[in-house]
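Please look through the sequence and the structure shown here before reading the report that follows.

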Amino acid sequence: MAEIKLNDNILTVSTSPHIRSEESISKIMWNVNAALAPAALFGIYNFGIHALIVIVVSIIAAVAGEYFVQKVRGKEITISDGSAFLTGLLLAMCLPPTLPPYMAAIGSFIAIIICKHSMGGLGWNIFNPAHIGRAAIMVSWPVAMTTWSRLTTSVDTVTSATPLNILKQQGYAKLVETFGGTPNLYKALFLGTRNGSIGETSTILLVLGGVYLIYKRYVNWQVPVLMILTVGVITWVFGPAGLFTGDPVFHMMAGGLIIGAFFMATDMVTIPITIKGQIIFAIGAGALTALIRLKGGYPEGVCYSILLMNAVSPLIDRVCPPIKFGARR
Amino acid sequence: MSKSFRGGVHPNDRKSYTASKSIEIAPLPSKVVIPVRQHIGAPCSPVVKKGDEVKKGQVIASNDAFVSSNVHASISGKVADVAEYPHPVFGKCLSIVIENDGLDEWAEGILVERDWQKLNADEIRGIIREAGIVGMGGATFPTHVKLAPPKDKKIDTFILNAAECEPYLTADHRMMLEYADRIVTGVQIVMKVLGVDKGYVGIEDNKPDAISAMQKAFTGTGVEVIGLPTKYPQGAEKMLIKMLTNREVPSGGLPMEVGVVVQNVGTVIAINDAVLKGIPLIERVTTVSGGAVKEPKNLLLRVGTTFAEAIEACGGVAKTPEKIIMGGPMMGFAQSNLDISVIKGVSGILVLSKEDVNSGKESACIRCGRCVDACPMGLNPSMLSILGERNLYEEAKEDFNLLDCVECGSCVYGCPAKRNIVQYIRYCKAQNAAKAAKK
């Protein structure tokens with residue numbers, strides 16, 4: 001009988017299962033990058049060349065930071081998996097377009113080196129790296145972080161303050177007046193022709209990207225929907241002129257809520273692992289955002305609310321384990 | 001019936017390699033290597049010695065323990081060796097090697113004609129025990145034990161597990177198309193032994209021809225044939241019972257806790273053959289498939305045929321194999337060589353190429369939660385794997401329900417970080433067992 005040739009090949013012996021899906025970390029990360037791309041491109045169109053520079057510098061700094069850490073620690077270089085790229089892109093999208101690029105670079109380094117790699121690298125960080133980077137820049141250069149460009153691309157947006165800034169400092173009536181009526185205000189927020197951070201302005205493009213991620217099953221729809229709805233409900237109930245006088249539509253589209261809810265509050269690494277836990281996370285982040293907007297010193301609270309909820313995610317995981325089979329009969 | 005069970009994954013079933021191929025009787029092997037341990041329970045002791053002439057169907061190893069199962073000669077010939085040989089599950093095992101004399105003669109007094117309706121339950125259990133029948137889906141638990149539940153457990157339902165949810169495998173599928181009558185009688189015999197009226201046949205709906213063949217064959221028997229959504233692990237006992245009866249087997253319990261006994265397609269055919277004709281379990285239908293085998297087939301193989309000869313019967317390998325698997329790709333055992341033999345629980349021999357295996361480099365968990373979503377047992381595989389990595393096996397057992405894991409592999413299948421979760425879980429289980437044994 002003829003021998004079956006194994007070609008001197010040694011058979012691989014390992015535990016089951018012996019087949020795996022095509023899914024991989026880099027596939028997930030590059031898909032998220034792709035989902036962010038339309039809103040990022042719109043930001044560049046909206047704010048001009050300086051926004052492009054901030055994005056490019058932030059991404060390069062994040063990727064270089066990861067390469068540097070892994071090289072120094074003698075670990076495998078994983079910059080091609082798209083996760084450092086994503087951190088850089090997300091951070092830039094949450095920065096004012098006029099920010100000096102070196103500040104963006106330092107934010108990226110802090111995000112990657114301190115937030116991500118000092119905790120053990122991808123998968124081990126407790127906090128969302130992009131938001132840690134943003135928070136670090138915020139406390140280091142508060143003036144630069146709250147100076148907004150004067151938009152010239154649209155007649156509706158000839159202001160150098162963000163809508164939330166106007167609301168905080170001059171009130172709702174002034175806000176509506178600035179935009180020339182609520183329909184115009186909503187339109188500017190929906191399309192993105194308003195002032196704000198580079199990638200946070202266009203509700204429609206961010207939602208499209210988010211829906212793509214939900215379709216790819218990288219994101220549970222409950223998280224963005226519940227976070228945004230929570231903000232809407234609380235800001236509606238606790239309006240400026242007493243109960244049920246708020247403008248939930250404005251609050252749900254303003255500031256960094258849309259990008260935060262779809263792309264930050266859904267960061268797998270830093271949120272609870274079960275759907276039940278994620279729902280608690282989303283509602284908590286929404287409530288904190290509304291609290292900061294309505295009562296806090298800052299006009300916007302998405303970044304801090306998500307970071308605060310990141311901190312309690314391990315606790316949420318503890319109290320929301322999956323229900324094991326056979327427990328209910 | 002339940003609509004679906006929680007969790008599960010949808011691997012490409014790769015059944016088209018062999019789904020339309022009729023069962024082929026493999027050429028008689030030149031020799032067989034028959035391990036004395038082909039079941040869960042007490043191993044048998046050889047009752048033949050080197051140099052003996054044996055006939056097909058003759059008992060060559062046995063044990064008087066209740067949880068044990070006889071081993072028979074699967075060909076006629078001369079005992080060439082009684083020694084340790086490689087075993088597909090236990091690594092090494094005392095085995096009886098028979099050199100084929102080419103005559104394929106039955107031992108005397110084996111073949112009989114019997115009317116099963118005239119036999120009582122105890123007689124049938126005795127026949128099943130004598131015939132060495134074990135669960136042929138892979139678990140190899142002695143069937144006569146499974147059919148003798150303790151008196152305090154009231155059994156009211158029998159389920160024929162014909163889900164065949166493992167990718168590649170089509171042996172049960174083909175048997176349903178080709179051996180329908182033997183399946184029906186086998187099921188009726190089992191239901192008589194158990195004294196139950198309610199019977200189900202659960203088949204995944206990726207086998208519509210098998211569903212209609214079974215529906216036709218079971219007409220008028222009171223047994224319901226039900227098509228189940230195709231989702232791995234549909235054929236896991238607990239999932240199957242949940243789907244068909246909406247009962248959840250409690251944690252750590254057996255199906256009989258909820259009044260159910262489950263048997264595999266091959267097993268009821270073996271029961272039919274043993275009870276009606278006295279034929280012991282000496283052959284089985286096995287799917288030989290995978291991207292690296294030349295001509296994938298469903299083969300009727302004698303127990304003890306080496307993997308080398310089984311693959312040879314399929315034209316050999318087409319390209320360099322990366323892995324050789326006994327059983328299905330999700331729960332089967334990877335083999336280190338081709339000298340191991342087909343035992344009673346070998347539902348498939350898979351010759352997988354590097355592309356089939358698609359293994360990647362393992363990295364840290366990114367907590368994406370796919371494993372949690374995929375786990376049919378409602379566990380947190382992510383956490384179990386991390387605890388395993390850190391040798392925290394006690395915490396895994398106490399706080400994270402380690403022992404509920406059925407090792408179906410759904411978590412590993414979808415893991416983007418390519419983590420070997422099942423390996424960590426097995427490690428934790430072994431460490432806990434070792435610790436318990438020390439006490």
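## Domains and contacts

Chain A is divided into domain 1, residues 25-145, and domain 2, residues 163-319. The model is a predicted one, and in it the centres of these two domains of chain A, taken over C-alpha atoms, are separated by 21 Å. Their contact draws 31 residues from domain 1 of chain A and 28 residues from domain 2 of chain A. On the side of domain 1 of chain A that touches domain 2 of chain A, helices H1 (25-47), H2 (49-73), H3 (83-93) and H5 (129-140) of chain A each supply at least two residues, and the largest share, twelve residues, comes from H1(A).

Within chain A, helix H11 covers residues 222-237, and because its 16 residues at 1.5 Å a residue should span 22 Å, the distance of 22 Å between its end C-alpha atoms agrees with that expectation. The buried residues of H11(A), among them A:Val223, A:Leu226 and A:Ile234, pack against helices H10 (203-215), H12 (248-253), H13 (257-264) and H14 (275-295) and strand S1 (238-239) of chain A.

In chain B, the domain assignment gives three entries, as listed in the table.

| Domain of chain B | Residues |
|---|---|
| domain 1 | 25-110 + 280-356 |
| domain 2 | 111-277 |
| domain 3 | 370-438 |

The centres of domain 1 and domain 3 of chain B, taken over C-alpha atoms, are 31 Å apart. Between the chains, 61 residues of chain B are in contact with 39 residues of chain A, and the side of chain B that touches chain A has 31 nonpolar, 20 polar and ten charged residues.

Key:
Residues numbered from 1 in each chain as written. Chains lettered and ligands numbered in written order. Predicted model: local features only at pLDDT ≥ 70, side-chain atom pairs only at ≥ 80, totals over all residues. Domains from an automatic or database assignment. Contact = placed C-beta atoms within 7 Å. Nonpolar A, V, L, I, M, F, W, Y, C, P; charged D, E, K, R; others polar. Helix = DSSP H or I, 4+ residues; strand = E, 2+ residues; numbered from the N terminus. Expected span 1.5 Å × (residues − 1). Buried ≥ 20, exposed ≤ 12 C-beta atoms within 10 Å, placed from the backbone.
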